[in-house]
Amino acid sequence: AAEGIGAALAAVRARIAAASLRVQERLGTPAPAVRLVAVSKTKPLQAVLDAYAHGQRVFGENYVQELVEKAKDPNAPADIEWHFIGHLQTNKCNVIVDIPNLAMVETVDSVRLADALNKAVIKRARTTPLRVMVQVNTSSEESKSGVMPADCVPLATHIATKCPSLLLVGLMTIGDPDRHAQAGPNPDFASLSTCRGAVAQALGIPAEKLELSMGMSGDFEEAIEAGSSNVRVGSTIFGSR
């Protein structure tokens, strides 16, 4: 299994590099580096260790309990960077912030959650602010988490100005996993990029200072070509759930 994961990781990295090169050729400037988040939800810690042995350090988890179990397992290397990419309830903030190598929460979707995370970080006395992203519901579907595009600026501004223990690093969307790339430019990716422009303008920073987390197993190359700097790939690396 380890060999399979290693080969799959190498293939994904090669596809990321090729997509980045296409961006570079189109822009005529070096493309932003793309971070690969290996989504290990529902997979045993051994699968994480196999990917780790092949050089992967950033892993994404969707469920608090599963993340805590894996991160606190004595066999889990301390230099893994865990990204939380699932829906987070405010009452779970203390539990998740207690993970020392929690590198990022990509799914902040309300002022209430931002405030709860900020408080939890202060309580935990982390030495550096916790990096967070604002999750945007770019398809405006009722069933999906995330703020509506119109609300991303107020939430981002709140994090940047009222949550000193959080560091806003970008915006994230799940998008429509069933959409086919042949259907033309992805509206979710375009929407997130537009949101980033609006947030950057409101905060008075260059748009490039904010990351875009978009793209999963089925569309990460298209996402990179649309400006993504953080792709979340699970089944292509670990096999289907």
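In helix H3, the residues Val-64, Glu-66, Leu-67, Val-68, Lys-70 and Ala-71 are buried. Buried means under 20% relative accessible area, exposed means over 50%, and partly exposed is in between, with a 1.4 Å probe and protein chains only. H3 spans residues 64-71 and is mostly covered, with six of its eight residues buried. Helices (H or I, at least four residues) and strands (E, at least two) are DSSP runs, numbered from the N terminus. The buried residues of H3 pack against helix H2 (45-53), E2, E3, helix H4 (93-97) and strand E4 (102-108). Contact here means heavy atoms within 4.5 Å.

The model is predicted: local features need pLDDT of at least 70 and side-chain atom pairs count only at pLDDT 80 or more, while totals for chains, interfaces and linings use all residues. Residues are numbered from 1 along each chain as its sequence is written, and side-chain values use heavy atoms, with hydrogens and water left out.

**Overall fold**

The protein has nine helices and eight strands. Its radius of gyration is 17 Å, close to the 18 Å that the globule rule gives for 241 residues, so the protein is as compact as a globular protein of that length. The radius is taken over C-alpha atoms, and the globule rule is 2.2 Å times the number of residues to the power 0.38. Along the principal axes, the C-alpha atoms fill a box of roughly 45 × 45 × 35 Å. Of the 241 residues, 51% are buried. Among contacts with a separation of 6 or more, 62% join residues 24 or more positions apart.

**The aromatic pair**

One aromatic pair is found in a search of the whole structure. The rings of Phe-59 and Trp-82 have their centres 6.0 Å apart and their planes at 45°, so the pair is tilted. Rings of Phe, Tyr and Trp (its six-membered ring) pair if their centres lie within 6.5 Å; planes under 30 degrees apart count as stacked, over 60 as edge-to-face and the rest as tilted. Phe-59 lies in strand E2 (residues 58-61) and Trp-82 in strand E3 (residues 81-84), so the pair ties together parts that are 23 residues apart in sequence. Phe-59 is buried at 0% relative accessibility, and Trp-82 is buried at 0% as well.

| Pair | Separation in sequence | C-alpha distance |
|---|---|---|
| Ala-10 and Ile-237 | 227 residues | 9.1 Å |
| Ile-122 and Ser-165 | 43 residues | 6.5 Å |
| Ser-229 and Gly-215 | 14 residues | 9.4 Å |

Ala-10 lies in helix H1 (residues 2-27) and counts as partly exposed at 42% relative accessibility. Ile-122 belongs to helix H5 (residues 111-124) and, at 51%, counts as exposed. Ser-229 sits in the loop between helix H8 (220-225) and strand E8 (230-233). With a relative accessible area of 10%, Ser-229 is buried. Apart from neighbours within four places in sequence, Ser-229 is in contact with Ala-33, Val-34, Arg-35, Glu-211 and Leu-212.
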